[in-house]
Amino acid sequence: MSFGAGRRLLFALLLLCSGVLSANTEYYRHVVFDNSLTSDAYFYSAGTANGRSFLEQTNSRLPVETKTFLTPPNALRLQWQSEPDGGWEAEVRVINFRNRFPEFTGHALYFWCFAPQAIAAADLPSLVLSTAREGLQVAEFPASFTDPLPMGKFAGDLPAGRWVRVRIPFSEFHSASIYEFAPQHLQNVIFHQGHADGARHTLIVDEFRIDDEPAADSAATLTAPENVRAVGYDRHVNVNWNPVNNPALGRFVIYRSLDGKNFEPIGIQLPGTNRYSDVLGKSGVTAAYKVAASDQQYHLSPLSTAASASTREFNDGELLTMLQEACFHYYWEGADPSSGMPRENIPGDDRIVATGASGFGIATLVVGVDRGFITREQGVERLTKIVGFLEHAQRYHGAWSHYMNGGTGQTMPVFGMFDNGGDLVETSFLMEGLLVARQYFHGTSAAEQDLYRRISKLWETVEWDWYRTDPKSDFIYWHWSPEWAQQIHHPLIGFNEVMITYLLAMSSPTHGVPVDMYYSGWAGQSQVAIGYRGGWSGANNGDHYGNGHTYYGIKLDVGVGTGGPLFFTHYSYIGFDPHSLHDRYTSSYFENNRNIALINRAYSIANPKHFQGYGPNAWGLTASDGPEGYVPHAPDDNDDRGTLTLTGALASFPYTPDASMAAFKHYYRDLGGQLWDIYGPRDAFDPGRNWISPIYMGLNQAPITVMVENYRTGLVWKNFMSNPEITEMLHKLDALTTK
């Protein structure tokens, strides 16, 4: 079967289960550790030893075991020696990714052990549990920790060469802190020195979870997954299978054979996700795959029938289509099943759908239809679901909140109690995508005509002028809440990602703002505007909107400092074509955006802070989570933390096609074993700290698909710019600019 035919068959089959991604929330309400994304040391761990005691460590973290594991592809290795004058402790920390549900569910701690040589119960470590992120360093309420509990009491004597499950009821743990221990808020499982026998021991540990004892004989109800198929790409193979609807299902286990005979386990997949991406690392490789279902006690179903595929060298066009397809999946099969809206992040809290990311996702849907990833009818069906949800979701003078509950449409104030109303910037990103779709799905069918009418009504009922706060205000403001009014009194001032808000507000046929607010607000010269720009950036260059300085030999017309994070050049230009915009400060926002991207890359090549991994093919500083949480990564001293966000370079294809392609080939062909997964390139990584983002974000995958398409065909730009309201606004702005 040809690649093209295989891809079409793959997507036809995926359509059968699109939107049925089961909740990640439930999985991560139980799992403390299943696998490490890195193969040498586990980032979410720590180890120390003192005196003559010994603990094996890799850069103060626990080493990853890649040959012996319960669930593939790895486990953790504890190797210690306990001496009377010393001590050691090894922490396995909970991964606190964005919007992880804050409570575990269950009454016991479970984990699995494998001893290469037998270990007597008396010689096993003790266990301490902690609700503080830094292990035993408890400083404030409600953090607490427990008395040491001998592991041997529950594990018994460990035989050599066999996996043993350890179960410890939480009732056995007693607080040693000044506060009661709350197991549902567990943050660390800590092994520490027990009996000082002076001997070297090794223990492989895997699959830490909090749970209750599952029903007996649940494995007997699991059957082999059906209709396993595989499609080969440039350096990886996608494996797919039919959904399994069985409450006993705990995970899928994927097996691979390179000789067609011997199948070895290579990875797991969460329940409800029926796809696995296997990076083989080179072209010209044929592999066969089988899949098994596993229950919560790690019993396996029979293996499925085998499916095989081969990798082959792709040309640049095929690579870009592959990239767009992979990122598209986040918004197709990873979307909330009730609303069709994309989740804020995966894994994460499955209730939370993101308004701005949904606008980008709608533009991605248009690309998916045009590229043949899905049919036009399926695109219309999904968009109809989204529009129906938006019509009934909570609105605040026409604006939607930043986050909503995908099942109910109710506002979710993720950023605190003042964030319980309208978010005009997120609404702008949403409307940007809707206006793209309004023009693209403007066919003669009744369904498309209905969509055009309904999207137009949503557009016309956004009260942009309300968010001006009063008719004399120079600025549009970000938020409004019926309870708190403008407690978050955040004016929108450029240059940053919110240009689209002014452009849409000036374009509105029903609730518009005067076009001269472009210069009084967005590009304003008041002390408020000047102070705002200098305040967030810490730079004077560009605090008057225009910049005019040269960085690394590249002149920047507009932008603060060295230009800021690259999402400034992406979010407003998902739909709005920057070729079409100029003002008193620059003759072309396309060229200005290109220069921001070129400065970003040049900074990464210069690498003034000497971070590992930066270079001509590894650049793209923009907003994402990093090892210590969210940072708007940018090419400056304050906001460069060593984290590379892949969408930075990949969504810059229209501006820097050669450099972006070189970055993509490096990220995929050289680093794909760590950075490529079922939704394409992972969100971010920090090479110097051996950290890889455990999540995908809705704001970061869509710009890749859409901006690559804008580079290739200009499809999304053309559709957005064909809205007559946008054309009329630009005529008015041009007239004002030339006065």
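Setting aside neighbours within four places in sequence, Asn592 is in contact with Leu556, Asp557, Val558 and Thr586. Keep in mind that this is a predicted model.

**Around Asn592**
- Asn592 belongs to helix α12, which covers residues 589-606.
- With a relative accessible area of 1%, Asn592 counts as buried, because buried means under 20%.
- A polar atom of the Asn592 side chain lies 2.9 Å from the backbone nitrogen of Val558.

**Helix α7**
- α7 is mostly covered, with 17 of its 17 residues buried.
- Where α7 starts, a side-chain oxygen of Asp423 comes to within 3.2 Å of the backbone nitrogen of Val425.

**The largest pocket**
- The volume of the largest pocket is about 1,200 Å³.
- Its lining has 47 residues, and those closest to the centre are Asn35, Ser36, Leu37, Asp677 and Arg682.
- By class, the lining of the largest pocket holds 27 nonpolar, 14 polar and six charged residues.

**The second largest pocket**
- The second largest pocket has a volume of about 810 Å³.
- Among its 33 lining residues, His402, Trp478, Glu497, Phe567 and Tyr630 are the closest to the centre.
- Helix α7 returns here: it gives the largest share of the lining of the second largest pocket, three residues.
- This lining divides into 19 nonpolar, seven polar and seven charged residues.

Terms used:
Residues numbered from 1 in each chain as written. Predicted model: local features only at pLDDT ≥ 70, side-chain atom pairs only at ≥ 80, totals over all residues. Heavy atoms only, no water. Buried < 20%, exposed > 50% of the residue type's maximum accessible area, 1.4 Å probe, protein only. Helix = DSSP H or I, 4+ residues; strand = E, 2+ residues; numbered from the N terminus. Polar contact = N/O pair within 3.5 Å; in protein donor to acceptor, adjacent residues only side chain to side chain. Contact = heavy atoms within 4.5 Å. 1 Å grid on protein atoms, 1.4 Å probe; cavity = no way out; pocket = protein on both sides within 12 Å on 5 of 7 lines; lining within 4 Å. Points joined across faces, edges and corners; volume = space filled by probe spheres on them. Nonpolar A, V, L, I, M, F, W, Y, C, P; charged D, E, K, R; others polar.
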